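Reader: I am new to reading protein structures and would like to learn how to look at one feature after another. Could we go through this one together, slowly?

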Amino acid sequence: MDQFIVNIIHRPEMVPEYAEKVTGQGKTEDIGRKALLTESLDIFKTQQECAHKNGLKTTIEMTYASLFNDEAVAIAKEHHETYGDEIGLTLLGLPCKEFREKYHTKDFCIWMFSMEDKKSIVNDVFEKFYGRFGFYPQSTGSYYMDAELINYIKETYPSVKCAVATCWEEGPKAYHTCNNSWYTFMDGGPWAPWIPSKQNTHAPAANEEEDSGIVAIPHLSRDLIACYDGNGSNFGTHPQNVLRGMIYDSKTWDYPYLYNLIDQYRYLAKFNNGYAYNMMFVGPGWMNKMGRWEAPYELLLKSYEDGCAYYGKLKKEGKLIDMTMSEFADYYRGKKSYTEPECALWRDILYGSKKQLFWYCDPYMRACVNMDQGGAIVDLRPYVSKLEWKVGIGTDHIQDASYPFLIQEKYRAGYFTHYAGEGTVRSAKLTYQGEEVDLCLCPTHAQFSQEGNTRILTLDPVELAFTGLDVKLQTRVFFEEGASNIRMERSILEMSDPHAVLELNEYMVACYGTTEYTQDMSGITLYAEKDGGKTELSYEYKCREEYVKGAECVAAVIPQIETKVALTCSDKGAVGYFKEGYAFSPMFTLGYQAQITDKEVVSTWLSLEKAN
């Protein structure tokens, strides 16, 4: 029977991120304002009540500020005894008078501090927690936690076994929708729970040696299409996300999208050996008495009550298991192996289109296949490199915690490009008598299956109409567990002229980066191997191309992200090629050109390796 797990996480954030500006409007800033503290605690009590009256237990993630409040501490102790709630400790909610007086800063994102300050803050917060409760927490978290921070916490406070560790696709898209003011970049991580590696939080551990010692969960469960296409803060299972996205009936105050989103997460059990996960992580700032997101307090309250009621209904029906964070960490380690991937064949539930994306995540890669573009790969992150990416003041990445991409259609154009140049994408073109069709222009749909340790996407056939020739082609995509590659299989099912010969061009246009702005491509090596020899060039923006008939592989080594990416082909007579880009189109291209006829099948493999 499928298991659907939910974590409901509340934090008594005494000084919520947004609330001081609202409750203190027209007054000089005072984060110790009594009205602010009282209202914040009242909202936390309301949120707890919403969960408990629906038979749901919560994880209470105490904030630093709440540890100075006797009533907040007393409530946590009482709810732990009465309802079985877990008392954890979040690294959100740092701002308070005591914190400002000690650290003399308005920074509140733990991963952005210097490593020296991170250690000092962790020690302060954890020891204060111990002083109030007499034990150390088993769970912690933030919007993001970098690997150095996680490693330090686990080494110093080994009781911690679970943490909120990243916010899915919280990068340039979120930044732009916050008037370019939300300096938190953390694209490229998993959307569902994982075991982070010691080297990089985003990249799951491949084995016990890489295991950081905790189970990580995402900060909110996002819509895997709407969030990817737009601002994720509008599309999550936190009810007030849905209100912020204005996805409700303004007359009836109904929000079927919220329930559809929760159900879509339930459905992911079909792709993950009977297991699915969902979470809500809520602070009191969302339910301000003066309203938020153009919604009055009454609607804010109703949406949260209704959200908890839906989870409660699923639990009563035996369709949901509510767990605390530490309980979930134990469950996850018993359920999943290191190399078992997380899969999501996601359909559009917001706009009514028939669009599908398939997301795949394992210790070696994160990939997205877009059926709207004929099964093209439109996002690819090389986790195999386990890139050590230090974050915070004093590092090369003060704000940007994202895991770099090789392909990213939103930041590097994808198929639909400007009048010149190319965008990043992995697709194929077919040519007949000089007429060319790119599969990116052939929308289709897919079905998921699993054979042994291989996850398979079987796409509905597409029909290509050339002058004088009709072709029916099918694509299948194979993800073999632990293999660090993606196999793409093209089959010609039918042709109006069974003797016709098509040219198949399998290609990958790629680069590297974390935002929409290009990086220096100098020093990338492109090469083709054949019979022990190598044809190669070093990237210098000179628009050069090389073609090698019978190439055993074509590859690129990107030293900036310690990654090697290669293509190989099942047709040993195919022509392997690589292309260097130019300044206006700073990409590189790897590909194979082969002939394909009726009933023939050609496969190519995209492989990833760490390159030192």
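Reader: Which residues does T90 touch, not counting residues up to four places away in sequence?

Author: Before answering, please keep in mind that this is a predicted model. With neighbours up to four places away in sequence set aside, T90 touches R11, E61, M62, T63, T140, G141, S142 and F281. T90 itself belongs to the loop between β3 (86-89) and α4 (97-103).

Reader: Is T90 buried or exposed?

Author: The cut-off to remember is that a residue is called buried when its relative accessible area is under 20%. T90 has a relative accessibility of 0%, and therefore it counts as buried.

Reader: How should I read a sheet, and what is the order of the strands in the open sheet of 3 strands?

Author: In general, strands of a sheet pair through backbone hydrogen bonds, either parallel or antiparallel. Here the open sheet of 3 strands has the order β4-β5-β6, and the pairing is parallel. Because β4 (139-141) and β6 (215-218) each have a single partner strand, they stand at the edges, and one side of each is left without a neighbour in the sheet. On average, neighbouring strands of this sheet are turned by 30° against each other, direction ignored. Between β4 and strand β5 (residues 162-166) there are 3 bridges, and S139 stands opposite C162 in β5. Lying across β4, β5 and β6 is helix α12 (residues 325-335), which runs at about 115° to β6.

Reader: Where can I find strands that pair in the antiparallel sense, and how many bridges join β16 and β17?

Author: Strand β16 (residues 446-451) and β17 are such a pair, with 6 bridges, and F448 stands opposite L457 in β17. The two strands form a hairpin with 2 residues between them, and G452 in the turn has a positive phi of about 60°. β17 also pairs in the antiparallel sense with strand β19 (residues 469-480), over 5 bridges, where R455 stands opposite F479.

Reader: Why is β17 described as largely enclosed?

Author: Strand β17 (residues 454-459) has 6 of its 6 residues buried, so it is largely enclosed by the rest of the structure. T454, I456 and T458 point one way from the strand, R455, L457 and L459 point the other way, and all are buried.

Reader: How many residues does the largest nonpolar core have?

Author: As a general idea, nonpolar side chains tend to be buried together in soluble globular proteins. In this model the largest nonpolar core has 210 residues, and L380 and F588 are those with the most contacts inside it. Helix α11 (residues 297-316) gives the most to this core, with 9 residues. Leaving aside neighbours within four places in sequence, L380 has contacts that include M365, F405, I486, M508 and L608.

Methods
Residues numbered from 1 in each chain as written. Predicted model: local features only at pLDDT ≥ 70, side-chain atom pairs only at ≥ 80, totals over all residues. Heavy atoms only, no water. Buried < 20%, exposed > 50% of the residue type's maximum accessible area, 1.4 Å probe, protein only. Helix = DSSP H or I, 4+ residues; strand = E, 2+ residues; numbered from the N terminus. Pairing = 2+ DSSP bridges. Contact = heavy atoms within 4.5 Å. Core = buried A, V, L, I, M, F, W, Y, C linked by side-chain atoms within 4.5 Å. Axes fitted to C-alpha atoms, helices over the stretch in contact; angles between N-to-C directions.
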